[in-house]
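Student: I would like to go through this model with you. May I begin with the sheets and then turn to the helices?

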Amino acid sequence: MIFFLRVIIFALALWGLNVTAGTAPQGSSALSMYGVPKYEDDFFAFEYVNPNAPKGGVLKQAAFGSFDTFNPFVIGGIAPGGVALMHDTLMKQSDDEAFSLYGLIADRVQLNSEAHTVSFHINPNARFSDGSKITPQDVVFSFNILKEKGLPVFRYYYGDVRRVTVQGEWVVFYLNPSAPNRELPLILGELPVLSEAYWSTRDFDKTSLDIPVSSGPYTVESFEPGRFIVYVRRTDYWAHDLNVNRGYYNFDKIRYDYYRDAAVALEAFKAGLIDLRLETEAKKWILFREFPAVSDGRIQMRTFAHHLPSGMQGFVFNLRRPVFRDVRVRQALSYVFDFEWTNKNLFYGLYQRTNSYFDNSSLKAPPLPDAAEQALLAPYRDMLPAKMWTQPFVANPYEGQPLRIRLKAALDLLDEAGWHVKNGRLENAQGEALRFEILLDAASVGSWERVTLPYVGLLRQLGVDVSLRVVDLIHYKNRLDQFDYDMIVAVWGQSLSPGNEQRYFWGSAAAQTPGSLNYAGIADPVVDALIEHVIGARDQAALETAVHALDRVLLASHLVVPHWFSPVQRYIFWNKFGFPENVPLKGTNPLYWWFLPEKQT
């Protein structure tokens with residue numbers, strides 16, 4: 001292990017961080033949220049890759065809809081699949097640790113708790129795709145333009161940075177001393193680095209299909225919007241033999257072909273036009289077992305276990321709509337969704353019901369709050385539902401009971417909320433119908449329609465005037481960005497180190513920020529306060545307590561009708577790949593797979 005990491009004080013008390021890094025003048029090559037990084041300073045490659053993997057071949061994957069920009073960092077436009085291949089960050093995550101970063105564009109990092117600074121030393125060998133040197137000034141430019149003109153998430157992520165300066169080959173970020181933010185140094189380590197020379201002469205906000213100067217291992221070789229894009233591995237990529245990259249990026253080219261919908265893409269895969277698919281539909285997974293190419297071994301089906309929090313997927317209520325502002329209405333409509341029937345008849349029993357925003361991990365709130373969580377929640381007790389302290393959250397306490405029982409429980413709650421059945425429909429005292437629309441995008445309608453339609457049918461039995469609308473992907477994205485919907489299907493992914501992104505998911509400011517991921521529109525001072533406790537947690541125990549409390553309050557808010565999760569990744573692929581059998585904490589990643597030499601294509 002890095003020598004000076006052995007003797008460092010883990011808790012940087014002045015910040016309240018549990019971030020580990022070297023404090024010697026030369027800095028460290030790694031940052032970790034929890035204790036010391038796993039890998040020594042001179043490690044050869046991550047343990048979960050094959051550093052001797054052969055290079056070559058064209059990896060063919062599917063994408064949907066179209067694209068109109070190569071800038072994925074702004075709210076306007078739709079970037080193509082795989083665009084992240086073009087961009088490197090200051091440091092790179094390890095997949096077998098909760099949250100650790102190792103040097104990439106920045107070869108060293110230094111924390112100074114007294115000065116409240118995080119400094120990154122730029123590798124003198126780092127180059128952009130046009131051969132120009134990556135400089136500290138490029139890093140400062142990237143930070144400023146992303147914060148000023150980038151996606152709203154960047155303003156949330158970087159909000160506690162007071163200023164950034166250049167000191168020789170170092171970039172120094174000055175942090176807000178009054179806002180403990182244990183995760184911020186690592187977030188800054190994930191800053192994508194853009195070319196100031198290229199972007200300073202262009203409108204960063206404008207959609208453009210000019211191929212940009214970039215910093216990553218691939219660049220665009222050819223493309224036709226709505227048809228395909230081909231990325232080619234850069235032969236001049238300066239970092240191809242860095243320890244963090246050994247075993248990665250083994251394909252000479254990565255191609256995305258665009259399809260109208262999932263059904264067409266599936267047929268393309270069967271015909272050999274697509275090489276692999278991450279199968280998220282249980283029905284397709286089961287039916288594939290009977291496909292002749294699987295039976296004779298030409299196609300492989302593999303599951304890879306992971307240990308990441310499941311996140312939350314579900315039907316999301318837009319609380320900006322008056323019809324959903326009463327929590328009893330949201331809870332009642334949750335009772336109507338029949339997960340048990342859905343799992344048995346559509347998913348072959350392969351899923352588990354989601355009962356937490358952090359399911360499948362120790363971050364999931366326990367059934368009842370322990371002493372530490374109660375102490376954290378005590379100041380907000382009068383603002384929280386009383387039953388939260390004595391009753392465990394269950395997505396649907398009537399799961400498995402006859403339909404009439406579930407519908408009656410829902411109607412009782414709706415009656416309390418002022419909605420009564422009149423002439424077969426639910427109305428309030430003003431005679432207004434309980435009416436809303438579920439919005440789906442056309443690219444995924446094949447997957448979601450079969451889940452949504454049974455739910456729509458049950459809602460109508462209850463007396464709800466509900467409709468289903470399908471729009472094209474561009475229209476759908478625009479409506480999401482402007483929060484112009486009643487109900488959608490959405491997913492919030494979570495990590496083993498939740499932090500600043502929670503502001504973007506649930507923060508009150510994000511509820512009013514177009515393009516944010518606060519799809520539900522929650523604006524709750526208790527949630528805001530708990531998010532800050534998560535961000536400022538001093539150690540793992542404090543983090544888990546804060547996340548448990550946040551999880552519990554979000555669940556009690558009934559923002560979604562929770563769906564399901566699986567603790568495994570399901571991949572189906574033509575039998576031409578090699579991949580490491582050592583699956584890391586975060587699951588496998590085809591970016592470190594390779595083509596078997598005798599089967600390269």
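Student: Which residue stands opposite Ile488 in S20?

Tutor: Leu439 stands opposite Ile488 of S20. Strand S18 (residues 435–441) and strand S20 (residues 487–492) are joined by two bridges and run parallel. Strands here are DSSP runs of E with at least two residues, and helices are runs of H or I with at least four, numbered from the N terminus. Two strands pair if DSSP finds at least two bridges between them.

Student: Before going on, what kind of model is this, and how are residues numbered?

Tutor: This is a predicted model, in which local features need pLDDT of at least 70 and side-chain atom pairs count only at pLDDT 80 or more, while totals for chains, interfaces and linings use all residues. Residues are numbered from 1 along each chain as its sequence is written, and side-chain values use heavy atoms, with hydrogens and water left out.

Student: What is the mean pLDDT of the chain?

Tutor: The mean is 91, and 95% of the residues reach 70 or more; pLDDT is the predictor's confidence in each residue, from 0 to 100. Over residues 1–25 the pLDDT is below 50, and this stretch has 94 contacts in the model beyond near neighbours in sequence. A contact means heavy atoms within 4.5 Å.

Student: How should a stretch of low pLDDT be read?

Tutor: Where pLDDT is low, the predicted coordinates should not be read in detail.

Student: Back to S18 and S20: what is the strand order in their sheet?

Tutor: The order is S19-S18-S20-S14-S21, an open sheet of five strands with mixed pairing. Strand S19 (465–471) and strand S21 (560–562) each have a single partner strand, so one side of each lacks a neighbour in the sheet. From one strand to the next, the twist averages 35°.

Student: What about the sheet with S23?

Tutor: That open sheet has three strands in the order S12-S23-S13, with antiparallel pairing. Its edge strands are S12 (276–278) and S13 (299–305), each pairing on one side only. The twist here averages 20° from one strand to the next. Seven bridges join S13 to S23 (residues 568–574), and Val568 of S23 is the bridge partner of Ala305.

Student: And how do S9 and S10 pair?

Tutor: S9 (residues 218–224) and S10 (residues 228–233) pair in the antiparallel sense over six bridges, with Thr219 opposite Val232 of S10. The two strands form a hairpin with three residues between them, and Gly226 in the turn has a positive phi of about 85°.

Student: Now the helices: at what angle do H17 and H18 pack?

Tutor: H17 (residues 525–535) and H18 (residues 540–556) pack at about 160°, with their axes 8 Å apart. Axes are lines fitted to C-alpha atoms, for helices over the stretch in contact, and angles run from 0 to 180 degrees between N-to-C directions. H17 and H18 are therefore roughly antiparallel, a term for angles over 145 degrees.

Student: Which residues make that contact?

Tutor: Among them are Val526, Leu530 and His533 of H17, and Leu543, Ala546 and Leu550 of H18. By class, the contact of H17 with H18 has 12 nonpolar residues, one polar and no charged. Ala, Val, Leu, Ile, Met, Phe, Trp, Tyr, Cys and Pro count as nonpolar, Asp, Glu, Lys and Arg as charged, and the others, Gly among them, as polar.

Conventions. Angles under 35 degrees count as roughly parallel, over 145 as roughly antiparallel, 65 to 115 as roughly perpendicular and the rest as oblique.
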